[in-house]
Amino acid sequence: MTTAAEDVAARRAGAAGVGLMLPGTLYLVAFFVIPVFALLATSLYVPVPGGDVGQFMPALQWQNYATALAEFWPQLLRSFWFALLATAGALAVGYPIAYLVAVRCRGRPLLQGMLLVLVVAPFFTSFVLRTIAWKQILADDGYVVQALHWLHVLPPDGRLTATSFAVVVSLTHNFVPFMALPIYASLERLDPRLVEAGGDLYAGPWTTFRTVTLPLSMPGVVSGTLLTFIPAAGDYVSASLLGNSTNTAMIGQVIDTRFFRLLDYPTAASLSVVLMVAIAVLVGLYVRRTGTEDLL
Amino acid sequence: MSAPQTTESLELWGVRKEFGAFTAVESLDLTVPEGSFFALLGPSGCGKTTTLRMVAGLEQPTSGTISIGGRDVTGTAAFRRPVNTVFQSYALFPHMTVLDNVTFGLRRKRVPDARAKARAGLETVQLGHLADRRPNQLSGGQQQRVALARALVNSPSVLLLDEPLGALDLALRREMQLELKRIQAEAGITFVHVTHDQEEAMTMADTVAVMNEGRVEQMGPPAELYELPSTAFVANFLGRSNLVTGTVLDTGEVLGVDVAGTRLQVPAGRVSTGVSGVALRQAQDPPVETGAVVQLGVRPEKVRILLNGGEPTPGSNVLGPGKVTDVSFTGVSTQYQVDLGDLGLHDVFAQNSSGAPTVRVGDAVRLAWDVDRTFGLAGEPAGSGQ
């Protein structure tokens with residue numbers, strides 16, 4: 001039962017709501033909906049008969065997808081594989097950092113602040129610079145490679161640059177803050193009394209971590225893995241600067257080359273669409289499986 | 001089924017806890033016999049919660065030993081102690097169902113039939129029907145019961161309760177007090193209950209230790225603490241007291257004390273030097289000598305108001321006249337405040353057994369009470385209490 005006054009109030013709130021949503025909606029239409037439709041349309045274009053390179057006309061050439069996938073499925077799969085490795089790596093590095101800052105340094109805000117600045121510091125230098133730095137670190141005459149030669153971990157002619165390893169290391173490093181910060185936020189909110197309750201109920205430190213701390217930080221872990229996996233799968237800077245042209249190429253590189261070097265817009269567009277859909281499907285499955293639908 | 005009484009008791013010897021320069025607990029000696037309901041009562045910051053956390057193993061004492069059932073557990077980690085805690089904020093695991101919360105401890109101890117036992121535990125607190133809910137879907141009172149069940153199902157040697165009723169409203173708190181008492185009697189587990197609510201402590205516990213500034217001021221059964229407080233702090237923290245200061249005129253079975261020109265009396269056995277608890281006073285305390293300063297006290301409900309012309313019964317202490325400054329009718333009783341001039345404000349609680357009160361604000365009255373109901377505290381007032 002609603003009174004007339006409540007109806008009026010609800011309608012007013014409705015009008016205000018529409019007004020507030022307008023800027024966001026316009027923004028999304030202009031910068032997301034229209035471009036996505038343009039991308040979809042481009043992916044179905046055909047070359048203008050007898051035209052120059054880079055001249056295409058509207059069509060519904062579904063064949064473009066089959067051709068693009070047939071040629072570039074290894075790069076697509078590799079992208080997801082590298083992104084998965086980088087996500088695992090960032091989790092392995094980022095979780096302990098987040099735990100150290102949020103839990104171990106609890107109650108010492110100054111120290112926490114300083115450590116968080118250290119975590120975020122990589123953001124202050126450009127993505128490209130950080131990636132180039134890895135090129136120096138992993139260079140053939142660098143200390144790392146020399147040490148590995150000396151330890152016989154790496155064969156005398158073995159190198160680290162231009163390998164999958166270098167690409168994954170760079171991806172991992174670049175995305176650690178994206179992993180650590182959401183986990184930090186989750187752990188920061190964790191009530192320390194719950195951890196005490198675990199200890200009080202006969203759970204040792206490791207069991208308490210496994211049954212209380214980790215499950216309660218899962219929202220952060222899920223956010224962090226998404227923030228790492230999605231951009232890492234589409235990344236092309238690390239692969240271009242630290243990989244080689246044959247067995248480390250990622251789909252981002254392929255799209256970049258098709259769009260800007262070969263002016264093959266339909267193939268680039270269809271690969272972009274495939275990448276987008278594949279990420280959406282993988283993320284959807286992942287989120288459903290981890291039971292954190294409220295994130296979407 | 002349980003071990004002999006002496007072996008399951010909780011004992012603290014010289015336990016002391018410092019946080020930096022601040023001493024939270026000063027060399028505490030406590031013995032809590034098995035199966036008793038023990039209350040640690042005191043104002044916030046008196047060290048009662050720190051004491052509890054040291055027993056739980058969540059805090060390490062700076063010095064001293066803690067033993068449970070004769071076994072020294074001072075250095076033992078919390079998860080290896082046969083102790084469970086009902087936390088003030090309940091600390092239920094929000095990502096688990098109510099049943100999983102209650103099963104948690106049993107599963108860690110690898111108890112067979114953990115789920116069935118947890119269900120039975122939920123039944124004891126009448127929450128069997130909410131087993132599959134999440135803690136945040138329950139009311140405060142229900143969460144409180146879950147926290148209790150989660151601790152109790154493990155049959156700990158000692159159950160620690162940290163202000164467990166603090167967040168509940170008055171009616172619910174009263175109900176939970178009775179339920180806790182019933183559960184404690186049925187389970188026969190030692191309960192150590194921390195509270196700042198004197199009524200709660202007296203209602204539930206068989207032994208109350210009143211703490212103040214990191215020390216136990218007095219310890220004993222509630223009635224004894226109430227009747228014979230041994231310090232001014234206890235006299236005023238545990239209920240209210242009318243205290244006056246005087247000088248001892250003569251000693252013997254009954255002390256005569258001069259209070260602002262009036263001779264009051266107090267039985268010698270009811271005078272505490274404040275050095276030790278009431279139970280020990282006759283055996284150890286030095287006798288009070290003529291000329292010594294003592295405080296005399298009486299509980300407000302033991303004081304009678306004498307209107308003009310009213311005569312005290314023989315064997316009474318009488319003070320006054322004074323002026324009635326306030327009359328509060330509370331239904332069961334009427335609370336008067338009487339201004340005795342230099343002797344300060346005094347409270348009188350009178351039962352309304354014969355109808356509405358007849359004394360009014362502004363009336364000149366005298367106050368009388370039995371000599372046998374008077375208690376004495378040797379020494380100058382320490383500025384505590386009123």
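## Aromatic residues of chain A

In this predicted model, Phe259(A) is partly exposed, having a relative accessible area of 22%. Phe260(A), in contrast, counts as exposed because its relative accessibility is 64%, above the 50% cut-off. Ring pairs join Phe259(A) and Phe260(A) with Phe56(A) and Tyr265(A) in a cluster.

Over all chains, the count of aromatic pairs is 14. One of them is formed by Trp206(A) and Phe209(A), whose ring centres are 5.7 Å apart; the planes meet at 25 degrees, so this pair is stacked. The cut-off that applies here is under 30 degrees for a stacked pair. Trp206(A) and Phe209(A) are three residues apart in helix α8 of chain A and are therefore separated by about one helical turn. In general, an α-helix has 3.6 residues a turn, so residues three or four places apart point the same way. Trp206(A) counts as exposed at 59% relative accessibility, whereas Phe209(A), at 17%, counts as buried. The pair of Phe259(A) and Phe260(A) has ring centres 5.9 Å apart and planes at 40 degrees, so it is tilted.

## Helix α8 of chain A and its surroundings

Helix α8 of chain A spans residues 205–216, twelve residues in total. The distance from its first C-alpha to its last is 15 Å, close to the expected 16 Å.

The buried residues in α8(A) are Thr207(A), Thr208(A), Phe209(A), Thr211(A), Val212(A), Thr213(A) and Leu216(A). Their cover includes, from chain A, α2 (63–104), α6 (164–189), α7 (192–200) and α9 (218–234). Chain B also takes part in this cover, through its α2 (98–108).

## Charges over rings in chain B

Two arginine residues of chain B may be described in turn. Arg108(B) places its charged end over the ring of Phe104(B), at 4.6 Å from the ring centre. Arg150(B) lies over the face of Phe93(B), 4.8 Å from the centre of that ring.

## Annotated segments of chain A

An unreviewed UniProt entry carries the annotation "transmembrane region" for residues 80–102, 114–133, 160–184 and 268–287 of chain A. In the model, residues 80–102 of chain A are 100% helix and 0% strand, with the end C-alpha atoms 31 Å apart. Residues 160–184 of chain A are 84% helix and 0% strand, and their end C-alpha atoms are separated by 32 Å.

Methods:
Residues are numbered from 1 along each chain as its sequence is written. Chains are lettered from A and ligands numbered from 1 in the order in which they are written. This is a predicted model: local features need pLDDT of at least 70, side-chain atom pairs count only at pLDDT 80 or more; totals for chains, interfaces and linings use all residues. Side-chain values use heavy atoms; hydrogens and water are left out. Helices (H or I, at least four residues) and strands (E, at least two) are DSSP runs, numbered from the N terminus. The expected span of a helix is 1.5 Å times one less than its number of residues. Buried means under 20% relative accessible area, exposed over 50%, partly exposed in between (1.4 Å probe, protein chains only). Contact means heavy atoms within 4.5 Å. UniProt positions are given in the numbering used here, feature names are shortened, and annotations may be inferred rather than shown by experiment. Rings of Phe, Tyr and Trp (its six-membered ring) pair if their centres lie within 6.5 Å; planes under 30 degrees apart count as stacked, over 60 as edge-to-face and the rest as tilted. A charge sits over a ring if NZ of Lys or CZ of Arg is within 6 Å of the ring centre and within 35 degrees of the ring normal.
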